[in-house]
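This report describes the secondary structure, the sheet and selected side chains of a protein model. The sequence and the structure are shown first.

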Amino acid sequence: MKMEDLLRPCPECGSKDKTQHRDFEREFLAYGQNGELKCTNCGYIFITRDEAIDMKRAKESEENNE
């Protein structure tokens with residue numbers, strides 16, 4: 001997600017506060033994968049957990065192809 005998208009207000013309530021949920025790895029609790037991105041105020045979902053996983057896989061495959 002680009003910085004412009006993160007700064008965009010929520011289409012439901014207009015709030016700019018967002019919460020990033022993360023899935024922490026059991027072995028190394030300091031490392032985690034980004035999950036869904038929600039509006040803190042109303043709970044509108046900007047990115048679902050599945051979309052975040054797909055974006056990570058696409059980025060990794062792009063890096064491996066270079």
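Helices (H or I, at least four residues) and strands (E, at least two) are taken as DSSP runs and numbered from the N terminus. By this definition, E62 belongs to helix α2, which covers residues 49-65. The model is predicted: local features need pLDDT of at least 70, side-chain atom pairs count only at pLDDT 80 or more, and totals for chains, interfaces and linings use all residues. Residues are numbered from 1 along each chain as its sequence is written, and side-chain values use heavy atoms, with hydrogens and water left out.

**The sheet**

Two strands are said to pair if DSSP finds at least two bridges between them. Three strands make up an open sheet in the order β1-β2-β3, with antiparallel pairing. Strands β1 (18-24) and β3 (45-47) are at the edges, and each has a single partner strand, so one side of each lacks a neighbour in the sheet. On average, neighbouring strands of this sheet are turned by 30 degrees against each other, direction ignored. For such angles, axes are lines fitted to C-alpha atoms, for helices over the stretch in contact, and the angles run from 0 to 180 degrees between N-to-C directions.

Six bridges link β1 and β2 in the antiparallel sense, while two bridges join β2 (residues 32-39) to β3, also antiparallel. Individual bridge partners are listed below.

| Residue | Bridge partner | Strand of the partner |
|---|---|---|
| Q20 | L37 | β2 |
| L37 | I47 | β3 |
| K38 | I45 | β3 |

Accessibility is classed as buried under 20% relative accessible area, exposed over 50%, and partly exposed in between (1.4 Å probe, protein chains only). E36 lies in strand β2 and counts as buried because its relative accessibility is 16%. Contact is defined as heavy atoms within 4.5 Å. Residues up to four places away in sequence aside, E36 touches T19, Q20, H21, I45, I47, T48 and R49.

A salt bridge is a side-chain nitrogen of Lys or Arg within 4 Å of a carboxyl oxygen of Asp or Glu. One salt bridge is counted by this rule. The side chains of K38 and E36 meet in a salt bridge, at 3.5 Å from N to O. K38 is partly exposed, with a relative accessible area of 26%, whereas E36 is buried at 16%.

L7 is found in helix α1 (residues 3-7) and counts as exposed at 54% relative accessibility. Together, M3, L6 and L7 make a nonpolar surface patch of about 290 Å². Patches are made of residues with over 30% relative accessible area and no salt bridge; like charges are joined within 9 Å, and nonpolar side chains (Val, Leu, Ile, Met, Phe, Trp, Tyr) within 5 Å. Accessible areas come from the Shrake-Rupley method with a 1.4 Å probe, and for residues only the protein chains shown count as cover.

E62 and I47 are 15 residues apart in sequence, and their C-alpha atoms are 20 Å apart in space.

C13 sits in the loop between α1 and β1 and is partly exposed, at 34% relative accessible area. Beyond residues up to four places away in sequence, C13 touches C39, N41 and C42. C13 and D50 are separated by 37 residues in sequence and by 24 Å in space, C-alpha to C-alpha.
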